Amino acid sequence: MQYHQDGFRPGNPDDHPAAEGRSVGAPLPDEVDVLIVGSGPAGLTLAAYLSGFPDIVTRVVERREGPLEKGQADGISCRSMEMFEAFGFADTVMRQGYWVNETVFWRPDPADPSHIARNGRVQDVEDGLSEMPHMILNQARVHDLYLDVMRRSPSRLVPDYGLTMTGLSVGEGEHPVEVTLERADGSPGTVRAKYVVGCDGARSSVRQAIGRKLVGEAANHAWGVMDVLAVTDFPDVRFKALIQSAGEGNILIIPREGGYLIRLYIEIDKLKEGERVAARGIDVSDLIAAAGRILKPYSFDVRHVVWWSVYEIGQRLTDKFDDVTEAGQVPRVFIAGDACHTHSPKAGQGMNVSMGDAFNLGWKLVSVLGGRMGPEVLHSYSEERRAVAQDLIDFDREWARIMSERPANASASGDPEMQRHFIEHGRYTAGMSVTYAPSVLIAGAEGQALAPGFDVGTRFHSAPVVRLADAKRMELGHVLRADARWRLFAFAPEGEAGLRRIVDLCRALEAPGGLIRRYPGPEVDSVFDLRAVFPADPHTMSPSALPGLLLPEKGRFGLVDYEKVFCALPEPEADIYALRGVSRMEGALVVVRPDQYVAGVMALEDVARLEGFFDKVMIGGT
């Protein structure tokens with residue numbers, strides 16, 4: 001990380017100076033730019049993103065009296081870990097959480113079907129999919145990390161707890177959305193906002209206020225979940241384990257952080273048509289007894305129950321994720337997470353997809369409120385994320401069916417259906433299957449052949465590089481921060497022509513009327529962050545040969561930023577050009593959106609196409 005740009009400041013560099021007029025616990029103002037309703041994963045992801053922009057007045061209202069302490073989601077996909085790196089706390093999650101390295105499969109023992117036996121073991125995440133692991137960490141701790149980012153931010157943002165939304169209406173004016181609130185003591189309040197985002201769960205008041213409905217069907221399956229401290233002789237208790245018994249149901253075991261805690265998802269029974277699980281009167285003793293029956297011949301002695309719940313599986317989705325009902329209308333109210341899509345928790349995607357919703361919306365709100373993009377770009381949030389949610393619903397419906405079925409014969413490949421399905425959909429559960437279709441924010445496939453490993457519309461797939469200025473080996477994707485900037489990665493071709501072509505690109509970008517001057521910011525890289533990668537030995541290159549745009553002078557002292565240039569690693573298995581198929585003859589310019597998705601791949605000389613793309617996206621050009 002970089003700091004001291006505007007002068008030496010002692011202490012923790014994660015503690016940003018508070019912006020003028022901002023303090024922790026400041027009263028809720030009458031008018032805000034963005035009001036977030038709900039402080040779950042989606043709400044806090046969005047709040048953490050917006051908290052880095054103190055010029056945007058953001059507040060979060062939450063009906064609970066304080067932060068979440070236990071229970072709920074726990075799986076963190078590789079893609080979410082990449083996003084956490086952008087917020088600066090991925091290393092904390094890796095240190096505190098459980099790493100899912102392998103998944104094991106158990107079925108009825110052919111010699112005695114009343115007992116279970118291990119019949120398969122697979123690597124949980126395929127090699128090369130991401131530099132990040134699949135992690136398990138309880139949702140409350142993830143909330144803590146977001147809240148810490150918010151408290152340390154220039155905005156000093158903290159949720160306003162004990163406030164329930166009781167009404168919402170959209171009118172006219174600069175702050176057209178009026179939200180009525182009720183405090184814990186029953187007293188009313190009102191806030192007017194430019195934009196409201198409902199992250200308030202499956203029973204979302206915001207969704208109801210804009211007339212959206214969750215539509216879908218329940219699968220009539222009842223499951224229980226419990227976090228316990230237990231003593232058992234089951235040998236795979238510290239592995240993620242999918243267990244099918246002959247007649248007692250199925251279990252999914254998720255080891256939890258800390259080395260002792262485990263979570264069990266336990267199949268209870270198939271519900272009758274129209275039956276609700278609450279009518280069964282199930283309690284935690286029923287879950288413990290069911291676990292004991294399924295795990296035979298192994299013992300399972302629960303010493304302490306931390307949290308438990310029962311639920312019905314159902315997949316439901318809204319038709320749109322905003323309040324737009326007619327052509328030409330600008331979105332003012334959005335919904336995210338469980339407010340617009342619900343499903344079972346066993347695929348481990350609920351929290352992850354919800355956070356992805358907010359990460360998609362956050363940079364767009366920053367860009368619109370900051371005057372860089374027109375409000376029509378906000379339509380893309382519902383268009384892009386509803387397609388992702390539909391894929392999630394389809395996947396979850398099939399996965400829930402397989403998880404609830406009795407063991408069947410193995411396939412022709414010899415793998416039972418559950419194991420085969422798990423392997424085939426590994427990219428999905430890792431969070432890497434999202435592909436945004438061509439749009440004003442996705443340039444299309446022209447130029448893709450220059451770098452086929454950076455698929456347009458997918459997240460930027462990081463690879464290792466070495467930084468030229470200090471020989472630091474690092475992941476290139478780790479320069480992608482949650483700061484609403486576009487990234488331009490210029491991959492130079494081989495030979496002496498490589499540097500010359502990068503110099504020509506820099507001249508074109510900063511020429512009068514060039515892209516960087518056309519859309520200026522406080523610093524030369526405030527809007528477009530240009531980085532260069534060379535297929536050369538870093539010991540043969542000198543920073544003094546680089547163009548000024550790659551050694552920008554920044555801050556009030558005009559200090560040089562030396563962290564813009566990288567070289568490929570010499571090892572074939574770590575060479576970014578080989579790993580991502582970047583042309584060594586032609587090079588490539590990879591354009592990456594602020595949410596880390598590849599918007600386009602272009603030739604280094606194709607500045608006209610680059611400018612044409614951004615002229616359709618940006619406003620306020622000079």
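Guide: Start with C567, which is buried, with a relative accessible area of 0%. The model is predicted, and everything below is read from it or from a record. A cysteine raises the matter of disulfides, and the structure holds zero of them. The sulfur of C567 has its nearest cysteine sulfur in C506, 15 Å away, and C567 is in no disulfide. A disulfide needs the two sulfur atoms within 2.5 Å. C506 counts as buried too, at 1% relative accessibility.

The next step is the annotated stretch. The UniProt annotation, from an unreviewed entry, reads "domain: Phenol hydroxylase-like C-terminal dimerisation" and covers residues 434-619. In the model this span is 18% helix and 20% strand, and its end C-alpha atoms lie 28 Å apart.

Helix α11 spans residues 496-510, and in it R507 and D504 are three residues apart, or about one helical turn. Their side chains meet in a salt bridge, at 3.9 Å from N to O. Is R507 buried or exposed? R507 counts as exposed, at 57% relative accessibility. D504 counts as partly exposed, at 40%.

Compare a pair with another setting. D529 and K564 form a salt bridge whose closest N and O atoms are 2.5 Å apart. D529 lies in strand β22 (residues 528-534) and K564 in the loop between β24 (559-560) and β25 (565-567), so this pair ties together parts that are 35 residues apart in sequence. Both D529 and K564 are buried. The pair also belongs to one network, in which salt bridges that share partners join D483, R485, R487, D525, D529, R531, K554, D561 and K564.

Strand β22 comes up again with helix α14. In α14 (residues 607-617), the residues V607, R609, L610, E611, F613, F614 and V617 are buried. What do the buried residues of α14 pack against? Their partners are α11, α12 (515-518) and the strands β21 (486-491), β22, β26 (588-592) and β27 (598-602).

A few points from the wider structure give this part some context. The structure holds 49 salt bridges. One of them joins the side chains of K364 and E384, at 2.9 Å from N to O. K364 lies in helix α7 (residues 350-369) and E384 in helix α8 (residues 379-404), so the bridge ties together parts that are 20 residues apart in sequence. K364 counts as buried, at 0% relative accessibility, and E384 is buried with a relative accessible area of 8%.

The largest one has 161 residues, and F84 and W486 have the most contacts inside it. Helix α7 gives the largest share of this core, 10 residues. Apart from its neighbours within four places in sequence, F84 is in contact with I76, F89, A90, V93, V142, Y146 and M355. A second, separate core has 23 residues, W106, V228, L287 and F300 among them.

Definitions and conventions. Residues are numbered from 1 along each chain as its sequence is written. This is a predicted model: local features need pLDDT of at least 70, side-chain atom pairs count only at pLDDT 80 or more; totals for chains, interfaces and linings use all residues. Side-chain values use heavy atoms; hydrogens and water are left out. A salt bridge is a side-chain nitrogen of Lys or Arg within 4 Å of a carboxyl oxygen of Asp or Glu. Helices (H or I, at least four residues) and strands (E, at least two) are DSSP runs, numbered from the N terminus. Buried means under 20% relative accessible area, exposed over 50%, partly exposed in between (1.4 Å probe, protein chains only). UniProt positions are given in the numbering used here, feature names are shortened, and annotations may be inferred rather than shown by experiment. Contact means heavy atoms within 4.5 Å. A nonpolar core is a set of buried Ala, Val, Leu, Ile, Met, Phe, Trp, Tyr and Cys residues joined through side-chain atoms within 4.5 Å.
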